[in-house]
Amino acid sequence: MSTRIHPVLIFFTVLIYIFLLGPLVIIFGAALSDTTYLTFPPQGLTLRWFENIWNISAFRRTIVTSLQMAFLGTFIALIIGIPAAYALNRHRVTLPASLSTLFVLPILVPEIVIGFSLLRSVTVEAGVPVWYALLIGHTLLVLPYVIRVVSASLASFDFSIEEAAISLGSPPAKTFFTIVLPNIRSGMIAAFILSFITSINDVSISLFLTGPGISTLPIQLLAHMEQFFDPTIASVSVVLMLLTILVMVIVERTLGLAIVAK
Amino acid sequence: MKRLAGWMLATPATLMIALLLVLPVAATIGMTFGAPGAGTWGVAQPYADFFTSGFRRRVLWRTFEVAGWVTVISLAGGLVTAYVVSRCPPRVKSILIVLAVFPLLTGVVVRSFAWLVLLGRQGMVNNVLQWSGVTDAPVAMLYTQGAVIVAMVYIFVPLMVLVLVGVLENIPEDLLQASSSLGAGPVASFLQVTLPLAVPGLIVGAVLVFTASFTSYATPHLLGGTRQMMMGTLLHQQAMVAFDWPGAAVVAAIMLVVIVATVLLMTRLARRMNPMTT
């Protein structure tokens, strides 16, 4: 890596990074502006737009719904995704290869197509309540990430440890919980974080699955932007970014960020 | 017995995807075929309706155009950045990677919103343009194709950088040393060693960005509005504003065909272009 990099390339890279981070800095500034419209640089400093988030009931409600979807959807995806990932690795010979293709379908099929199809089949035809349809959508959204990340973690797991435990008399189910799961803990945490962030930021699936009184934060943000152009949106964005930074710090401390970069 | 165990463990996830994804999407596609006797085109009537509408044809073409530009610009910007990042000293490299991951983890709505602030009539870009005397009156930049492309490039460059850093790091260092010890300069080494080895990864990055921008909703909605409708916003408009569900289903089916065809063609191409396999 000792080859020198041409200054023009470095200059270009610096520009790209300014392009990537500048707009986010501007949101921070705009959120602090003491004006009723969005502006940068901020004119006067105030935190009242942050207070405003809690004063608008629609934001309060949708933050709760978003958190519910992210936690529950990820939780269900882990419960059904971990056994599937285990089966794909442990019983690779007996399961058809098409099964792993099936598990990537939620990534391959455009989210917006999944959302529209769920609206038609699940909400309208089957009459499933909006909240549950939304949960189905979020579970489907994160399931492939769970299966992929846990599979990657299982791929480096030495299954002979498990066989040793079983041959020493440990029942298979107990072995799974005492031997296999603890060994793929970092994969499970990574899957959880990736899924949580994917779910909380989702627009395209939630778009069709929100209904009267039930919406997620990103959808509410879109709706709010159509009517108002005040700094509240910027302050919500700042809160979301601070949350992201917090998650990144936790990931860095526990697993190292290399996991997310994959 | 073992066979059964494997199936049982995979059953919940398999059922979930089969019943709640494959079936509903299949039903949507089934909906795109009209009754056999209806209209001049029979079963294909809903598709004929789509392609005979100048407006919808333009939306489809615009979606290809925007996704194409976004892919090309992201590839160029991402490749240069990834090249520099991958040759930085480890400490700088990890900082640069963290700085690219951060926007990626920030939601699409927030990142599109940033451009709404920047490109508005009172936005910073207009302020700078007027202050520097380039224009006297604010330039209308929102709701143009350019605004949509810029915001989407902004959204997808971090993804491209991360994918390509991974690709460039996987290229064995001794190949580059061999090429420079044989007298190749950095440019020749890049063009004759690095680039050919990076092609499969470039294709993967391009497919990711193309499919994501082809199907995106939030960015074209916020920065393009109804004037710069793309397939995603058209699907939503047909389904939720016009309540034309067969029309929306046709849009969904066309999106699906474009995505699946792109992924299949490009993965095949990536395999063929991989110099390590032949």
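Two residues are in contact if their C-beta atoms, placed from the backbone, lie within 7 Å. The legends below use this rule for a predicted model, in which local features need pLDDT of at least 70, side-chain atom pairs count only at pLDDT 80 or more, and totals for chains, interfaces and linings use all residues. Residues are numbered from 1 along each chain as its sequence is written, and chains are lettered from A, with ligands numbered from 1, in the order in which they are written.

**View 1. Surroundings of M152(B).**
Setting aside neighbours within four places in sequence, M152(B) is in contact with V66(B), V70(B), S213(B), S216(B) and T219(B). M152(B) is also among the residues with the most contacts inside the largest nonpolar core, together with A84(A) and V146(A). A nonpolar core is a set of buried Ala, Val, Leu, Ile, Met, Phe, Trp, Tyr and Cys residues joined through C-beta atoms within 7 Å. A residue is buried if 20 or more other C-beta atoms lie within 10 Å of its own, exposed if 12 or fewer, and partly exposed in between. The largest core has 149 residues. Its largest share, 18 residues, comes from α7(B).

G81(A) lies in helix α3 of chain A. Helices (H or I, at least four residues) and strands (E, at least two) are DSSP runs, numbered from the N terminus. G81(A) counts as buried because 29 other C-beta atoms lie within 10 Å. Not counting residues up to four places away in sequence, G81(A) touches L143(A), V146(A), I147(A) and V150(A), and also A13(B) of the other chain. G81(A) and R148(A) are 67 residues apart in sequence, while their C-alpha atoms are 9.0 Å apart in space.

**View 2. Crossing of α1(A) and α7(B).**
The axes of α1 (residues 7-31) of chain A and α7 (residues 145-169) of chain B come within 10 Å and cross at roughly 120°. α1(A) is therefore oblique to α7(B). Angles under 35 degrees count as roughly parallel, over 145 as roughly antiparallel, 65 to 115 as roughly perpendicular and the rest as oblique. Axes are lines fitted to C-alpha atoms, for helices over the stretch in contact, and angles run from 0 to 180 degrees between N-to-C directions. In α1(A), the residues I16(A), F19(A), L20(A) and P23(A) meet Y154(B), V157(B) and P158(B) of α7(B). The residues of this contact are seven nonpolar, no polar and no charged. Ala, Val, Leu, Ile, Met, Phe, Trp, Tyr, Cys and Pro count as nonpolar, Asp, Glu, Lys and Arg as charged, and the others, Gly among them, as polar.

**View 3. Contact between the two chains.**
Chain A gives 70 residues to the contact and chain B gives 67 residues. On the side of chain A that touches chain B, α1(A) supplies the largest share, 14 residues. That side divides into 56 nonpolar, 12 polar and two charged residues.

**View 4. Buried residues of α11(A).**
Helix α11 (residues 217-227) of chain A has the buried residues L217(A), P218(A), I219(A), Q220(A), L221(A) and L222(A). In chain A they pack against α3 (57-90), α9 (185-201), α10 (206-209) and α12 (232-254). In chain B they pack against α5 (108-119) and α10 (218-224). Chain A has 13 helices and zero strands, and chain B has 12 helices and zero strands.
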